[in-house]
Amino acid sequence: MNSVLVASNRGPVSFTVSDDGELTMRRGGGGLVSALSEVARKDGVLWVCAALSDGDRSAVRLVPGGRIDHAGYDTGPMRMLDIPPATFHRAYNAVANSTLWFVNHLLYDIPNAPNFGTRFEREWESYRDYNGAFALALAEEAGHGARVMVQDYHLALTPAMLRAERPDLRIAHFSHTPWAPPEYFSLLPDEVAREVLEGILGADHAGFLADRWAQAFMDCCEALLGAEVDRAGRSVTHEGRTTRIGVHSLGVDGDALWERAVEPDVESHMTALREQVGDRRLIVRIDRTELSKNIVRGLVAYREFLAAHPEWHGKVVHLAFAYPSRHDLPEYREYTASVLRCAQEIEDEYGTEDWDPLILNVNDDYPRSLAAYRMADVLLVNPIRDGMNLVAKEGPILSARCALVLSREAGAAAELGPHALVVNPYDISGTAAALHAALVMPEDERRMRRDKLHAAATALPPQKWLAAQLDALAEI
């Protein structure tokens, strides 16, 4: 039986099936996985996750109980759950990504959405079933008094379900997203909103990336549940149980990031990029084509910068990596098309035979992203709302002279804001002005700011982040 367990939708590895039926394993994607997988592996933490693809399901079916590590794969302790595809689709796409994500990132086009009817009731039932599958697996795998770390909005109901099965466990839930204020969170049907809040309050410890998100959660508990909230002591008491509220700002393991960033494949990408851009200055952004990342406004701001500063024509390149995200959802397909259209307009208006003002790449390539970080003079991170944003932390670690243009709506702004150029993500002219200020920043100021950004970004690496929460559980 296991003494420490982590549960998340996505696991540390994924599998693909070749035409001849051969299974191939590769590292899983996503910020949570990148941050935690090596920590969990080194410390022997059991990771419980969902099978996301046909390859994953094939791997699960080869071993009893979905224990992938028992099949000889070098994964560290891991159990993968084979949830029926239809149930998974409704829970993941319809509820987690199209409802809870939209609520907490304030993304709805309110005159037209959301609409909660009988279809949503069926989707919510699948979300319950999905969370129940995780609760049951964790209950089966956990030793007496074990500590269980449940991750993110996909598994908001799991803590309460798990507590009903195993009251001996010490349970934490961590939200990697922002949290909506009560007036927006109450867009959810009343019973659904209540179930989400009570699901998380089933944990002994509920963690958030920034104080503003923790405060918003407590506001929702008070307004929608009538819970007793102690803001100074950071706790919520509801129906006789008290849940402690923690703020744990996830940072980056700088040494591990640098070790990966100097490998030959990254060096090769640096050479190729330098051949493309020459000795021009580089404004870099690295994002998924996620609605909250605000890529289109960032491109429009760059366009306005070029219009206002012709002296920079031919001397600067915007390197924009916008990797595919959630193309099962029509809103994301439309947004990706908008990004491509905007990029083409910039090229058509300003491009010349010997200067491409914008290089847009939509093919995911991690080594190339690391190369871009290392070459960045300016890093643009302008989300309309973000739980933390690790891109804002990775860039200043890998570039010795990176100036950071950062949205005030990113969770990372609480730590990095004093040393960045902070912008209102909706203010295109303000963002364009910040890009110019970042480019002309004096060298000594640039390096001073970068050094402070580096220190803040590495203050709480994944090892310490996880240990702080496990310590909080140990005190309960």
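Me: How far apart do the C-alpha centres of domain 1 and domain 2 lie?

Reply: Domain bounds come from an automatic or database domain assignment. In this structure the C-alpha centres of domain 1 and domain 2 are 30 Å apart. The assignment gives 2-250 + 463-475 as domain 1 and 254-458 as domain 2. Please note that this is a predicted model, in which local features need pLDDT of at least 70, side-chain atom pairs count only at pLDDT 80 or more, and totals for chains, interfaces and linings use all residues. Residues are numbered from 1 along each chain as its sequence is written, and side-chain values use heavy atoms, with hydrogens and water left out.

Me: How many residues of domain 1 are in contact with domain 2, and what is the area buried between them?

Reply: Contact means heavy atoms within 4.5 Å. By that rule, 24 residues of domain 1 are in contact with 21 residues of domain 2. The size of an interface is often given as the accessible area lost when the parts come together. Here the buried area (accessible area, 1.4 Å probe, that two parts lose on being put together, summed over both) is about 1700 Å², and carbon and sulfur atoms give 55% of this area.

Me: Which side chains meet in a salt bridge?

Reply: A salt bridge is a side-chain nitrogen of Lys or Arg within 4 Å of a carboxyl oxygen of Asp or Glu. The rule finds 1 salt bridge across the interface of domain 1 and domain 2. The side chains of Arg 212 and Glu 409 form a salt bridge at 3.2 Å, N to O.

Me: Which element gives the most to the side of domain 1 that touches domain 2?

Reply: Helices (H or I, at least four residues) and strands (E, at least two) are DSSP runs, numbered from the N terminus. On that side of domain 1, the elements giving two or more residues are α3 (85-104) and α8 (211-225). The most comes from α3, with 6 residues.

Me: Is Tyr 92 buried or exposed?

Reply: Buried means under 20% relative accessible area, exposed over 50%, and partly exposed in between (1.4 Å probe, protein chains only). Tyr 92, which lies in helix α3, counts as buried because its relative accessibility is 17%. Apart from neighbours within four places in sequence, Tyr 92 is in contact with Asn 9, Arg 10, Asn 97 and His 154.

Me: Where does Asp 152 lie?

Reply: Asp 152 is in the loop between β6 (142-151) and α5 (158-165). With a relative accessible area of 9%, Asp 152 is buried.
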